[in-house]
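Take a look at the model below.

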Amino acid sequence: MTVPLLEERATLERHEVETGRVRVRLRTEAEEQRLHADLRSEAVEIERVAIGRELAAGEAPPVPREEEEGRVLIIPVLEEVLVVEKRLVVREELRLRRTSTSQSVEEPVTLRRQHAEIERLPSGGPDTN
């Protein structure tokens with residue numbers, strides 16, 4: 001006696017089905033804004049102070065130094081004068097004083113922003129717009 005053996009097989013098929021449509025419109029807006037900022041600048045004043053003092057024999061020439069908590073830099077200006085011997089004479093000092101200013105500025109700028117409007121359309125028929 002023969003007993004037939006059966007086997008089942010499954011196949012899977014996919015079909016795309018349109019369930020709806022959407023339309024997206026972009027709308028751009030422009031908005032004027034004023035930006036504010038504080039701008040800083042520095043300036044240097046030069047004050048010339050006459051000294052006219054001869055250096056003693058063997059005295060080291062003065063070097064630049066800071067005063068007023070670093071706001072003033074003093075730079076000695078030296079000159080050699082011809083006598084019977086050469087001596088250094090401090091003629092003057094340059095005092096460089098830093099000052100700071102702050103200025104408020106206002107600048108117009110244009111900023112743009114987009115908004116998306118989404119409209120659902122029925123599925124099927126062609127879009128008439």
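How many bridges pair strand 3 and strand 4, and in which sense? Strand 3 and strand 4 (residues 86-121) pair over eleven bridges, in the antiparallel sense. A word on terms comes next. Strands are DSSP runs of E with at least two residues, numbered from the N terminus. Two strands pair if DSSP finds at least two bridges between them.

Keep the origin of the model in mind: it is predicted, so local features need pLDDT of at least 70 and side-chain atom pairs count only at pLDDT 80 or more, while totals for chains, interfaces and linings use all residues. Residues are numbered from 1 along each chain as its sequence is written, and side-chain values use heavy atoms, with hydrogens and water left out.

Start with strand 2. It runs antiparallel to strand 3 (residues 72-82), and three bridges join the two. Arg65 has Ile74 as its bridge partner in strand 3. Glu67 has Val72 as its partner there. Four residues lie between the strands of this hairpin, and Glu68 takes a positive phi near 50 degrees.

Move on along the chain. Another hairpin leads from strand 3 to strand 4 through three residues. Across this pair of strands, Val77 stands opposite Glu92 of strand 4.

Stop at Glu93, which is also found in strand 4. Is Glu93 buried or exposed? Glu93 is buried, because its relative accessible area is 9%; buried means under 20%, exposed over 50%, and partly exposed in between, with a 1.4 Å probe and protein chains only.

Which residues surround Glu93? Leaving out residues up to four places away in sequence, Glu93 touches Glu47, Arg48, Val49, Ile51, Arg65, Ile74 and Ile75. Contact here means heavy atoms within 4.5 Å.

Two arginines deserve a look. The side chains of Glu93 and Arg65 make a polar contact of 3.3 Å. The side chain of Glu93 also makes a polar contact with that of Arg95, at 3.0 Å. A polar contact is a pair of N or O atoms within 3.5 Å; within protein, one must be able to donate a hydrogen and the other to accept it, and residues adjacent in sequence count only if both atoms are side-chain atoms.
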